[in-house]
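Let me put the structure up, and then we'll walk through it together.

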Amino acid sequence: MDERKENIRYCALLGVHTMMLCPAINFVAPYLAAAQVSNSNIGILVAVSCLLAVVFQQIFGRMVDRNLIDGKKLLLFMTALLTVAAFSLVFVNVGGLKAIIFGGLYCITLTMMPILYSFSFFYQNKGVSVNYGVARGCGSMSYAACSVVLGFLVANLGTGVVPISYGLLGAALFAILLTMPTLKGTASGSASPTQSSSLKLSMFPAFRMMLIGLSLVMLFHNMLMTYFIYAIEHVGGDSSNLGVALGIAAALEIPILFLYTRIKGNTPSKYFLTASGVFFFAKAALFIVAQSVMMIYLIQCLQIVSYGLMAAARVYYVDEVVGKKYETTGQAYMSATETIGIVLGSILGGFLMQGLGVEALLWGGALASLVGMVCMIYSCNAKR
């Protein structure tokens, strides 16, 4: 294999998929609110979509680990379905149907994550050096551009551009996947189904506690991201400011993602992952006292040591803690922390916004991130 070519392809793969998270997570509330769907119903819809994604991540993760299915073909099928569904939204006028289809898009996008991450370990097992941090950094770079552009388009053209952008990104991902290698018979879990055992969280209590802590931290993060437009409007901003705020955060993830392996050295990733939890809480506390769009922009600069550090460290953390035998399933559990955070954050955030307003949403997120940080610190200091 041509190492340079494979790195470029993997960067493109993660770059486009990361861009797809922008219309999925950050513009779901503006899009469905424009379709007359209430905040509480948006929260319930996102929660159901993410719960289904958690289930599918575990099922498909195990199937890929045991070589029961070719991960590439599975991704191609999901991407084709997503692309068709996204473009179909252009012709749908009923708010309830729009919500259901968009929920399906959300579910598929999240379900893909652990399988996409498996490509990095496929290359590793083939002796090809592919830097996940650089690939994920390219994703953040792409996300930053997508956030700014999509925020500007929504502010000037309306929310109708959201499903169109989703469909275009889906088509681009499908085209990239066609060039990727097969994941069947070559993944790390290349043992036969009868030889492969399942990852049980009771085997790794520190890993389990870290998952709990990350889920709570992700509750804050994703609750804010889903309803970020209201936090922006609370200080006098609009969709254009939302795009800029998201773009700043995504751009600042890039240095840590590119340099993580150098910064990490021989230090266990659990320390960096725990540090990200501390900065998530700091970010949550600062959002409570924010009084202007400029202050929101400044708080977003903490993304480099919160989400950026977490995104870089979590993939390596799984490999270090559970080993290669369970890596795809372990990555699925790790991906599930973000999905569970979206589930709980969407439900809690929807009802807090509906009943008490944006300030209650910010306080709720800060409390969740505080408890999550404590769990992560406990896990970091646990022996096993």
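Before going on, a word on what we're looking at. This is a predicted model, so local features need pLDDT of at least 70 and side-chain atom pairs count only at pLDDT 80 or more, while totals for chains, interfaces and linings use all residues. Residues are numbered from 1 along each chain as its sequence is written, and side-chain values use heavy atoms, with hydrogens and water left out.

Back to Lys264. Its side chain meets that of Glu320 in a salt bridge, at 3.0 Å from N to O. Lys264 sits in helix α11 (residues 239-264) and Glu320 in helix α14 (residues 307-322), so the pair ties together parts that are 56 residues apart in sequence. A salt bridge here is a side-chain nitrogen of Lys or Arg within 4 Å of a carboxyl oxygen of Asp or Glu. How many do we get by this rule? The count comes to 1 salt bridge.

Now the overall picture. The protein has 16 helices and 0 strands. Those are DSSP runs numbered from the N terminus: helices are H or I with at least four residues, strands are E with at least two. Of the 384 residues, 59% count as buried. The accessible surface comes to about 14,400 Å², and 68% of that belongs to carbon and sulfur atoms. Those areas come from the Shrake-Rupley method with a 1.4 Å probe, and for residues, only the protein chains shown count as cover.

What about contacts, meaning heavy atoms within 4.5 Å? Taking the contacts with a separation of 6 or more, 87% are between residues 24 or more positions apart.

Let's go inside. The largest nonpolar core has 123 residues, and the ones touching the most other members are Tyr10, Leu13, Leu32, Phe102, Phe207, Phe228 and Leu273. A nonpolar core is a set of buried Ala, Val, Leu, Ile, Met, Phe, Trp, Tyr and Cys residues joined through side-chain atoms within 4.5 Å. Take Leu13: leaving out residues up to four places away in sequence, Leu13 touches Leu116, Phe119, Leu173, Ile176, Leu177 and Met180.

His17 is in helix α1 (residues 3-26). His17 counts as buried because its relative accessible area is 4%. A polar atom of the His17 side chain lies 2.9 Å from the backbone oxygen of Thr109. Setting aside neighbours within four places in sequence, the contacts of His17 are Thr109, Met112, Met113, Leu116 and Leu173.

Ser147 lies in helix α7 (residues 132-157), and Ser147 is buried, at 0% relative accessibility. From C-alpha to C-alpha, Ser147 is 5.8 Å from Leu246, although the two are 99 residues apart in sequence. The other serine, Ser369, is in helix α16 (residues 358-381), and Ser369 is also buried at 0%. Beyond residues up to four places away in sequence, Ser369 touches Leu216, Val217, Phe220, Phe280, Phe281 and Ala284.

Which residues make the nonpolar surface patch of about 640 Å²? They are Ile44, Val48, Leu52, Val55, Phe56, Ile59, Ile347 and Phe351. The elements giving two or more residues to the patch are α3 (39-65) and α15 (327-355), and α3 gives the most, with 6 residues. Patches are made of residues with over 30% relative accessible area and no salt bridge; like charges are joined within 9 Å, and nonpolar side chains (Val, Leu, Ile, Met, Phe, Trp, Tyr) within 5 Å.

Last stop, Gln36. Gln36 sits in the loop between α2 (28-34) and α3. Phi of Gln36 is near 70 degrees, a positive value in a residue other than glycine. Gln36 is exposed, because its relative accessible area is 72%.

Notes
Buried < 20%, exposed > 50% of the residue type's maximum accessible area, 1.4 Å probe, protein only. Contact = heavy atoms within 4.5 Å. Polar contact = N/O pair within 3.5 Å; in protein donor to acceptor, adjacent residues only side chain to side chain.
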